[in-house]
Amino acid sequence: MERKIILEHIDVKGIRSIEVYRSMGGYDSVAKALKSMTPDEVTEQVINSGLRGRGGAGFPTGRKWSFIDKKSNNPRYLICNADESEPGTFKDRYLMEHIPHRLIEGMISASYALGANTAYIYVRGEFKYIIGILNQSIKEAYQQGFLGKNILDSGFDLDIYVHPGAGAYICGEETALIESLEGKRGTPRLKPPFPAIKGLYDCPTVVNNVETLANIGWIVNNGAESYAQIGIGNSKGTKLISACGNINKPGVYEIEMGLPVETFIYNEKFCGGIKNGKDLKAVIPGGSSVPILPKELILKTADGKKRLLSYESLSEGGFQTGSMLGSGGFIVYNENACIVRNTYNLSRFYHHESCGQCSPCREGTSWMEAVLHRIEHGHGKQKDIDLLVEIASRIEGNTICPLGDAAAWPVAAAIRHFRHEFEFHVEHPEIVKNIRHGSLAKYAK
Amino acid sequence: MAKLKFTIDNQTIEVEQGTTILQAARMIGGKVVPPAMCYYSKLQGSGGKCRTCLVRVAQGSSKDPRPMPKLVAACRTEVMDGMVVENLTSPDVVAARRAVVEFLLINHPLDCPVCDQAGECDLQDLSYEHGSQSARFEEEKRTYEPIDIGPLIQFHPNRCILCYRCVYAADQLTDKRVHGILYRGEKSEISTFISQSIENDFSGNLIDVCPVGALTDKTFRFKNRVWFLKPMDAHRDCPKCSGKVALWLRGEEVYRVTGRKDEYGEVEDFICNECRFEKKQASDWIIEGPRSITPKSVISQNHYRVLSKPHVINPLKDKME
Ligand SMILES: Cc1cc2nc3c(=O)[nH]c(=O)nc-3n(C[C@H](O)[C@H](O)[C@H](O)COP(=O)(O)O)c2cc1C
Ligand code: SF4
Ligand code: SF4
Ligand code: FES
């Protein structure tokens, strides 16, 4: 179940350089796409591969490409979303740091399919060292004729630019990213119109995640059918999972979709079990914005099936008993973790990162943080717990962009599954006040 | 141009392509019109932010009758042929609107008794219709140091609901824009570029577009309550603007000059600062007559015109049936 597509050759010495990368078959897909396929054929392969966006929402990539407005006389753009902002998610930067040409290779065929002659990599400004790596790789690709005018004599031109953002979570949202790229405040636009119709500089634009684009080369090389055979159900291919928290081996793992969560946590090839032999308490499986699941529900679904790392399995049961694959940020908590403190921390983050455009998110995230602060510091009241659930439900679905939902879900899910911990905080202020109390189990009578 | 059929709260109307749900609802008028705090028809790009106008699309169009999965902003969603929308008839919409009002009020100082906007404040109206009697917000409200933005306009950041209307107005009506939004999230604030003051022939319009009492007229502050004043339509021959204004009089004295606002609180013509701030004598103006004010507004209190005949009230009607 360890299957490498994106991270294939990652252990080859010097793979970051174009020579070594090419000696492993790198960039072969560019020649194939540009010389033997039409742009529509490339799109068709991506549609048939079943590849879904790896940035969090899981929208089918080929379908997104097919929405691009081909009638427009304006230029078209491809943007690679390398903002990677979700707490717990650190797979894209790993990919860009170690095997940057995988991304550039994918971007060339993607741009060809879209008819885009300019592409941008919008990268989080804090990833300064990665910006250097990307620029170096792009330079190498120009030198070897994979970028610039008339690539490999195919008549296709492409320029790729790296654009550092200033490091705001909201700039990972695709329309805020576009605003930021245009040099404005990074605030989300209202949809519709969708970027495929009116995106960067009001021109047709596709925004794709780093990992999504890194899959394109393999699909072009090996064909849609081979890709569609990897994975399970509607979760095709592999997924990068960035695992962190109380585990023995934090890191980025490429898994074939459908790997049981239990195997992922306990097998030596992956997380290698919980640190210091402790018990597992809960997991946030897809980056901080997705609902947390307690041990029982992360290892098995509500109807007793093995929970798998796939879009369908993780969301089985809806938000009552399920979660989401999201961006694959796998955060593991052991028995000592305090769920209230953790929820408060997440809430602080979303409050800090709300762009402030729409009232439910701007006001709601600050209110939730304030109430959670009270509860965590021993000043909470019983009714605060229901109030939090209420506030979350009033933000959810009423905002311009999904940041509001992302702020509401972790709070709602933590209370749904760990209500007793919130109640304990309220009932025992003397225990939780001003100390690092960790798990509350030890205090329970 | 093809006409589109549009239904809101069981009332149907034909509208032109490109009309938004809010505009279509305003054509019908009355209770089906969703409230709007950030949208302003005269300001391009406004709307979509405050979320007070959320409605439910129960049927997308006759071609694709599926309902839309989430509530949508009426001010920015265009009508499609056969669209069916629920405003007050949807419990979800009513709940969402109550939620938005609660959110808007948690940090608003609710200082209506000393606020110059009282009596013509959209937030006051909105809270009256959709607010609740008790507050669940126990924390301290967000407060700011006052920001001086020049000799004509007083800015009370505490009252600002961040609707962006003044930003769009400054952007679109005045040259050399010096003001906008700083910071992010709940810490966002309206401010000027490195303590510049807003001095510009059309800057006074920022006061008119502000739905709450965050931007007020320094030449009028605390001089009177609006419901004691008599609004009159008046005009003058102005080289800079249309010169069409509302004069707010007490006796013969002009207390303030504003743009003429329609029933949705939007000014009909933006006016220049000379008309607004400098022409404070009745003799500067050709007075056309009293402005009609909707009877539901507090401004119509104690006034001189009965706008409509009272309805026949029959409290026993229900019991008799
Ligand atoms: C608040 C917020 C932050 C986001 N941050 C990222 C991000 O850092 N990287 C990313 O690829 N997508 C992010 N997304 C999702 C993007 O909006 C978009 O869906 C994605 O880049 C599309 O690429 P994909 O179709 O390849 O997944 C974010 C969305 C939201 C609402
Ligand atoms: S939901 Fe939050 S982040 Fe998104 S547009 Fe609204 S205020 Fe901005
Ligand atoms: S000052 Fe008034 S107009 Fe400007 S954003 Fe605040 S509430 Fe809106
Ligand atoms: S009026 Fe529509 S969102 Fe503000």
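Start by selecting ligand 3: 13 residues surround it (a heavy atom within 4 Å), with Cys160(B), Cys163(B), Tyr164(B), Cys166(B) and Cys210(B) closest. The shell is 13 nonpolar, with no polar and no charged residues; Ala, Val, Leu, Ile, Met, Phe, Trp, Tyr, Cys and Pro count as nonpolar, Asp, Glu, Lys and Arg as charged, and the others, Gly among them, as polar.

A word on ground rules: this is a predicted model, where local features need pLDDT of at least 70, side-chain atom pairs need 80 or more, and totals for chains, interfaces and linings use all residues. Residues count from 1 along each chain as its sequence is written, chains are lettered from A and ligands numbered from 1 in the order written, and side-chain values use heavy atoms, leaving out hydrogens and water.

Next, select ligand 1. Of the 18 residues around it, Gly55(A), Lys64(A), Asn81(A), Asn209(A) and Thr212(A) come nearest. By class, that shell has four nonpolar, eight polar and six charged residues. Strand E4 (205-209) of chain A (strands are DSSP E runs of at least two residues) gives the largest share, three residues. Show the polar contacts (N or O pairs within 3.5 Å): a side-chain N or O atom of Asn209(A) sits 2.7 Å from a ligand 1 oxygen, while a backbone N or O atom of Ser85(A) lies 3.1 Å from a ligand 1 oxygen.

How values were computed:
Polar contact = N/O pair within 3.5 Å; in protein donor to acceptor, adjacent residues only side chain to side chain. Helix = DSSP H or I, 4+ residues; strand = E, 2+ residues; numbered from the N terminus.
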